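Reader: I would like to go through the labels on this model one at a time. Please set each value against its cut-off before drawing a conclusion.

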Amino acid sequence: MATKKPVNPTLPTVTPRTPDGGDSVVLERRSQKIEPPQMYQVAMLNDDYTPMEFVVMVIQEFFSKDREAATQIMLKIHLDGKGVCGVYSRDVAATKVDQVLDAAKQAGHPLQCVSEPIE
Ligand code: TYC
């Protein structure tokens with residue numbers, strides 16, 4: 001025969017709870033999509049006046065290419081009208097463009113350089 005537990009009137013009544021106390025908030029799982037930062041290609045444009053040697057020197061100096069690679073890029077620009085010198089984050093690409101344009105201006109050449117978002 002089951003005997004009833006005696007109630008002690010001096011103790012507060014405790015309501016049974018779920019293990020977490022029953023008042024927790026359940027968050028829905030969301031897939032976190034963190035996109036990689038947008039990258040920018042720095043391209044130089046051909047013109048009829050800037051000396052080839054100057055373009056090669058600029059590509060070597062500001063895009064860390066050896067003479068052979070810089071010459072290949074310069075020739076591509078010369079033949080196709082445009083060529084990519086490097087790919088960077090937005091701020092670095094903008095700085096490269098400024099450096100090239102400043103050097104060209106100082107030397108009195110019309111060399112043009114642009115930064116373009118890729119993909
Ligand atoms: N076309 C130029 C010349 O014949 C050479 C040149 C190459 C100029 C690349 C600009 O971005 C350039 N002297």
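Reader: Why is Lys 76 called partly exposed?

Author: Its relative accessible area is 41%. Buried means under 20%, exposed means over 50%, and partly exposed lies in between, with a 1.4 Å probe and protein chains only, so Lys 76 counts as partly exposed. This is a predicted model, in which local features need pLDDT of at least 70 and side-chain atom pairs count only at pLDDT 80 or more, while totals for chains, interfaces and linings use all residues. Residues are numbered from 1 along each chain as its sequence is written, and side-chain values use heavy atoms, with hydrogens and water left out.

Reader: What makes Lys 76 and Asp 80 a salt bridge?

Author: The rule asks for a side-chain nitrogen of Lys or Arg within 4 Å of a carboxyl oxygen of Asp or Glu. The closest N and O atoms of Lys 76 and Asp 80 are 2.7 Å apart, so the pair meets the rule. Both residues belong to helix 2, and being four residues apart they are separated by about one helical turn. An α-helix has 3.6 residues a turn, so residues three or four places apart point the same way. Asp 80 has a relative accessible area of 51% and is therefore exposed.

Reader: How many salt bridges are there by this rule?

Author: The count is four. Another of them joins Lys 82 to Glu 116, at 2.6 Å from N to O. Lys 82 lies in strand 2 and Glu 116 in strand 3 (residues 112-117), so this pair ties together parts that are 34 residues apart in sequence. Lys 82 is partly exposed, at 33% relative accessible area. Asp 91 and Arg 90 also form a salt bridge, their closest N and O atoms being 3.9 Å apart. Asp 91 is exposed at 54%, and Arg 90 is exposed at 53%.

Reader: What makes residues 67-80 a helix, and what span is expected for helix 2?

Author: Helices are DSSP runs of H or I with at least four residues, strands are runs of E with at least two, and both are numbered from the N terminus. Helix 2 has 14 residues. The expected span is 1.5 Å times one less than the number of residues, which comes to 20 Å for helix 2, and the first and last C-alpha atoms are 20 Å apart. Just after helix 2, Gly 81 takes a positive phi of about 95 degrees.

Reader: Which residues of helix 2 are buried, and how do you know that they are on the same side?

Author: They are Ala 70, Ile 73, Met 74 and Ile 77. These residues cover an arc of only 100 degrees around the axis, which puts them on the same side of helix 2; the arc is that of the directions from the helix axis to the C-beta atoms. On the other side, Glu 68, Leu 79 and Asp 80 are exposed. The buried residues pack against strand 1 (39-45), helix 1 (52-63) and strand 2 (82-89).

Reader: Why is Gly 83 called buried?

Author: Gly 83, in strand 2, has 3% relative accessibility and therefore counts as buried. Leaving aside neighbours within four places in sequence, Gly 83 is in contact (heavy atoms within 4.5 Å) with Val 42, Ala 43, Met 44, Lys 76 and Ile 77. The C-alpha atoms of Gly 83 and Ile 73, ten residues apart along the chain, are separated by 6.3 Å.
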